[in-house]
Amino acid sequence: LGPITRKAITDYATTLIEYPYGWRNIWKMFKMYAPFFRLIHNKNGDDTPAQAYVCSTVVTASYRHAYVDLCPNLSDERTSPADIAQSELINYQFTIK
């Protein structure tokens, strides 16, 4: 990604930080993995914006604002840290020992 795109991502992320933590979104993510709940969960499309922000949704919403989709075919609202780690656009940097 170029410097202009990186600046757009970080600028948008700093505007999202002032929102309250999205505990409601954590509950929605939990229901996706819980037995019985995941059979009836609401499937949002890829273009559904997040209504409540947690760490992973701030990252994906910021990238999407700069027209970069970290997790194709997955709503920003349902993106977990593992989804971001498996994204082909994120490069491995280093391991902390």
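Visitor: What pLDDT does the chain average?

Guide: This is a predicted model, in which local features need pLDDT of at least 70 and side-chain atom pairs count only at pLDDT 80 or more, while totals for chains, interfaces and linings use all residues. Residues are numbered from 1 along each chain as its sequence is written, and side-chain values use heavy atoms, leaving out hydrogens and water. The term pLDDT is the predictor's confidence in each residue, from 0 to 100. Of the residues, 82% score at least 70, and the chain averages a pLDDT of 79.

Visitor: In which helix is confidence highest?

Guide: Helices (DSSP runs of H or I, at least four residues) are numbered from the N terminus. Confidence is lowest in helix α2 (residues 23-33), at a mean of 73. Where pLDDT is low, the predicted coordinates should not be read in detail. The highest mean, 90, belongs to helix α1 (residues 3-16).

Visitor: How many helices does the chain have?

Guide: From the N terminus on, the elements run α-α-α-α. The chain has 0 strands, and its number of helices is 4.

Visitor: Which residues of α1 are buried, and against which helix do they pack?

Guide: Buried means under 20% relative accessible area, exposed over 50%, and partly exposed in between (1.4 Å probe, protein chains only). The buried residues of α1 are Ile-9, Ala-13 and Leu-16. Seen down the helix axis, they fall within an arc of 55° (taken from the directions from the axis to the C-beta atoms), so they line one face of α1. Pro-3, Ile-4 and Lys-7 are exposed on the other side, whereas the buried residues Ile-9, Ala-13 and Leu-16 pack against α3 (55-65).

Visitor: How are the rings of Tyr-19 and Tyr-53 arranged: stacked, edge-to-face or tilted?

Guide: Rings of Phe, Tyr and Trp (its six-membered ring) pair if their centres lie within 6.5 Å; planes under 30 degrees apart count as stacked, over 60 as edge-to-face and the rest as tilted. A search of the whole structure finds 1 aromatic pair. The centres of the Tyr-19 and Tyr-53 rings are 5.7 Å apart and their planes lie at 50°, so the pair is tilted.

Visitor: Which of these two tyrosines is buried?

Guide: Tyr-19 lies in the loop between α1 and α2, and Tyr-53 in the loop between α2 and α3, 34 residues apart. Tyr-19 has a relative accessible area of 47% and is therefore partly exposed. At 14%, the buried residue is Tyr-53.

Key. Helices (H or I, at least four residues) and strands (E, at least two) are DSSP runs, numbered from the N terminus. Contact means heavy atoms within 4.5 Å.
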